[in-house]
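This briefing is for a reader new to the structure shown below.

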Amino acid sequence: MHVIIDTDAGVDDSLAIVYAANSSELQIEMLTTVSGNVPVREVTQNVLLLKDFLQLKAPVFSGAEVPRVRKLVTAPEVHGEDGVGGYRILHNISKNDWETGEAANKIVEAARRLRNKLTIISIGPMTNIAKAVSIDAEAMRAAGNIIQMGGVFFGYGNTTTFTEFNIFVDPDAADFVLNEGVRVKFVPLDVTEKLFMPRTIITSLFNSSKGMDSNLKKLLKQATDYYILYHRVTEKLDGCYLHDPITIAAAVNPKWFKFVDSFVSVETKGDHTAGMTLADFRKRKQKGNSEVAVSFDAEKFLLDFAKKVFGVKISSSVIRKNCLRDRNYPKFSNILE
Ligand code: BDR
Ligand code: CA
């Protein structure tokens, strides 16, 4: 499958890129960058560094510096000032060898060329995707899949009470894409937070890892430690979530996910609710414009992720005992009634 990864890397984005690079199911056409977790100049440097460590051939194109309408909000407290937990700052690394060409233009070119053979996996704010839609909505509608890590439909958000970070940063981009009739497959927090990685499990994955480039391992370890520290201090959780790797998994093996056709809207104006995502699963007034993931096989994903990223076979019983979380959201079947 031909994929573009649009990213605001980012700690979990970095893990996602490694997972994608090690997944033979995916052929990475290019990586495109966008401001989100950190400003795009930091993101692009992180992606270039990962590209070196992974010896990836795919080109990297830099994209939007600021959201469509709003001022940029970043999350250095979650990902570090450089987006990788301080690894690039510590080692004084700066990278400037990205390709010429603007991310949105390159996304459109690929959509025109590959049409329904192209899957775009967006693991950051939707600013580049919206820009690509504004350039050629028809080509973007014809793309095979746009998979977006974003939104929260049943539970609480991770940025404000009712918003998830990627959509909160650029709600106008998400709203624009949907209003242009471009279907999106959302992988929301409701799904990604069903898997929690305790610190002890992550540590043992790093300790027993096999075949990982030693510099890549140092980067991922420092970045993940920082990310875990944030979860510990702010959310009183000793571990972290894998939002972006799980989103990659929706392309690696769609059968692990249950997506439901739905009409999704994004709040762009509310003082308290801007960035909120709403899904009408009943579609009484409108036909569905999107699909929303409502469940996924966390166990199968984690077995695959541990094998491809760390070269480790993790046992199913360890996963079941430590990593699966039932957030006790309303049952989907009740919502349909
Ligand atoms: C999303 O926001 C970012 O902080 C993560 O990288 C992920 O893409 C989770 O809400
Ligand atoms: Ca991200």
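Across the whole structure, a search finds 12 aromatic pairs. The model is a predicted one.

- F153 is in the loop between β5 (145–149) and α8, while F186 belongs to strand β6 (residues 184–187), so the pair ties together parts 33 residues apart in sequence.
- F153 and F186 are both buried.

**The pair F154 and F281**

- Between the rings of F154 and F281 the centres are 5.7 Å apart and the planes lie at 15°, so this pair is stacked; planes under 30 degrees apart count as such.
- Distant parts of the chain are linked by this pair, 127 residues apart: F154 sits in the loop between β5 and α8, and F281 in the loop between β10 (277–280) and β11 (290–296).
- F154 has a relative accessible area of 24% and is partly exposed.
- F281 has a relative accessibility of 6% and counts as buried; the limit for buried is under 20%.

**A cluster of rings**

- Y19, F206, F257, F259, F296, F301, F305 and F310 are linked into a cluster by ring pairs.

**Charges over rings**

- One ring of that cluster, F206, has K221 over its face, at 5.9 Å from the ring centre.
- The face of F196 has R325 over it, at 5.3 Å from the ring centre.

**The largest pocket**

- The largest pocket holds about 320 Å³ of space.
- Its lining is made up of 26 residues, and those nearest the pocket centre are N37, V78, H79, N158 and F165.
- Two or more lining residues come from each of these elements: α1 (11–21), α3 (76–79), α8 (165–169), α12 (214–235) and α13 (243–252).
- Which element gives the most to the lining of the largest pocket? That element is α12, with four residues.
- By residue type, the lining of the largest pocket has 10 nonpolar, eight polar and eight charged residues.

How values were computed
Residues numbered from 1 in each chain as written. Chains lettered and ligands numbered in written order. Predicted model: local features only at pLDDT ≥ 70, side-chain atom pairs only at ≥ 80, totals over all residues. Heavy atoms only, no water. 1 Å grid on protein atoms, 1.4 Å probe; cavity = no way out; pocket = protein on both sides within 12 Å on 5 of 7 lines; lining within 4 Å. Points joined across faces, edges and corners; volume = space filled by probe spheres on them. Nonpolar A, V, L, I, M, F, W, Y, C, P; charged D, E, K, R; others polar. Phe/Tyr/Trp six-rings, centres within 6.5 Å; stacked < 30°, edge-to-face > 60°. Buried < 20%, exposed > 50% of the residue type's maximum accessible area, 1.4 Å probe, protein only. Lys NZ or Arg CZ within 6 Å of the ring centre and 35° of its normal.
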